[in-house]
Amino acid sequence: MKNILIASTSTLHNQGYLEYLLPTLATHFKAGSTLIFIPYARPSGVSHDDYTAKVREALAPLAIQVKGLHEFDDPKIAIKEAEGIFTGGGNTFLLVKQLYAHDILGTIQEAINNGTPYLGCSAGSNICGLTMETTNDMPITYPPSFQTFGFVPFNINPHYLDPIEGSTHMGETRETRINEFHTINSQPVVGLREGSWLRVTGNRIVLEGTLSARIFEQNKAAYEVEPNTDLSSLK
């Protein structure tokens, strides 16, 4: 049975890395377990070692041991034996390219579908949807496919931003970009605001956190859903 947290972000304003999620992670991952961290998205170009060290420090209060996937000679075996998996944020194009390059997309899918607890933040949340095509990231490299895990039957837009009243910015809003996506693609998109996450338990998908999420469906007006809303029927 799937046991997944899909979080918009790893860090809230004026808080430490993963700090706002720690109470939730304390029950999501088992104390004393070993977590495999996937550092491939490399935010700001940080090294795999430094990124993993940041996660290790953040989860130390929960007595969770963290090992970077890059530390293993055989990443497939590491994934199969993992007691928990976390994919961090950064650049989704780079992340997906590396998942394909190491041929582990299917291995991770199988582990998560069989119940290994998973946490995704930002880019690590993007890849939980059907495709990565609603990412906010620049295409700094080219993955062989935009298809991702499909743990939920829709796409994710982490870090969703509402238009700012009175702003002089003349570029496209996030909503405009998602509407453009829907001129070609039919799957729904969930806009996750900072501090919100989706909890997937088996086939049940529930919005958690304190903020509403914005839902986009092809040929429909966008609408809001409140925390604790069940999104399992969104397809």
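Trainee: In this predicted model, where does His 182 lie?

Mentor: Helix α7 covers residues 174-181 and strand β7 covers residues 189-191. His 182 is placed in the loop between α7 and β7.

Trainee: Is His 182 buried or exposed?

Mentor: Residues under 20% relative accessible area count as buried. The relative accessible area of His 182 is 7%, so His 182 is buried.

Trainee: Which backbone oxygen does the side chain of His 182 reach?

Mentor: Leaving aside neighbours within four places in sequence, His 182 is in contact with several residues, among them Pro 188, Val 189, Phe 216 and Glu 217. Gln 187 and Gln 218 also belong to that list. At 2.7 Å, the side chain of His 182 reaches the backbone oxygen of Gln 187.

Trainee: Which residue forms a salt bridge with Lys 76, and where is that residue?

Mentor: The closest N and O atoms of Lys 76 and Asp 103 are 2.9 Å apart. This pair links distant parts of the chain, 27 residues apart, with Lys 76 in helix α3 (residues 75-81). Lys 76 has a relative accessible area of 29% and is therefore partly exposed. Its partner, in the loop between α4 (92-101) and α5 (105-113), is Asp 103.

Trainee: What separates Arg 177 and Glu 180 in helix α7?

Mentor: The side chains of Arg 177 and Glu 180 meet in a salt bridge, at 3.1 Å from N to O. Arg 177 is partly exposed at a relative accessible area of 45%, and Glu 180 is partly exposed at 36%. Because Arg 177 and Glu 180 are three residues apart in helix α7, the separation is about one helical turn.

Trainee: How many residues apart in sequence are the parts tied together by Arg 204 and Asp 230?

Mentor: The side chains of Arg 204 and Asp 230 meet in a salt bridge of 3.2 Å, N to O. Arg 204 lies in strand β9 (residues 204-208) and Asp 230 in the segment after β11 (223-225), so the parts tied together are 26 residues apart in sequence.

Trainee: Which residues do salt bridges that share partners join into one network?

Mentor: The count of salt bridges comes to 11. Those that share partners give one network, joining Asp 162, Glu 175, Arg 193, Arg 214 and Glu 224.

Trainee: Which residue in β5 stands opposite Ala 7?

Mentor: Strand β1 (residues 3-7) pairs with β5 in the parallel sense over four bridges. Within strand β5 (residues 118-121), Tyr 118 and Gly 120 point one way, while Leu 119 and Cys 121 point the other way, and all are buried. The residue opposite Ala 7 is Cys 121.

Trainee: Which residue stands opposite Leu 119 in β5?

Mentor: Strand β4 (residues 84-87) runs parallel to β5, and three bridges join them. The residue standing opposite Leu 119 is Phe 86.

Trainee: Over what arc around the axis do the buried residues of α2 lie?

Mentor: The buried residues of α2 are Tyr 51, Thr 52, Val 55, Ala 58 and Leu 59. They are on the same side of α2, because the arc they cover around the axis is only 120 degrees.

Trainee: Which residues are exposed on the other side of α2, and what covers the buried ones?

Mentor: Helix α2 (residues 48-59) has 12 residues and reaches 17 Å from its first C-alpha to its last, close to the 16 Å expected. The cover over its buried residues includes α1 (22-28), β2 (34-38), β3 (65-68) and β4. Exposed on the other side of α2 are Asp 49, Asp 50 and Glu 57.

Conventions
Residues numbered from 1 in each chain as written. Predicted model: local features only at pLDDT ≥ 70, side-chain atom pairs only at ≥ 80, totals over all residues. Heavy atoms only, no water. Helix = DSSP H or I, 4+ residues; strand = E, 2+ residues; numbered from the N terminus. Buried < 20%, exposed > 50% of the residue type's maximum accessible area, 1.4 Å probe, protein only. Polar contact = N/O pair within 3.5 Å; in protein donor to acceptor, adjacent residues only side chain to side chain. Contact = heavy atoms within 4.5 Å. Salt bridge = Lys/Arg side-chain N within 4 Å of Asp/Glu carboxyl O. Pairing = 2+ DSSP bridges. Expected span 1.5 Å × (residues − 1). Arc of directions from axis to C-beta.
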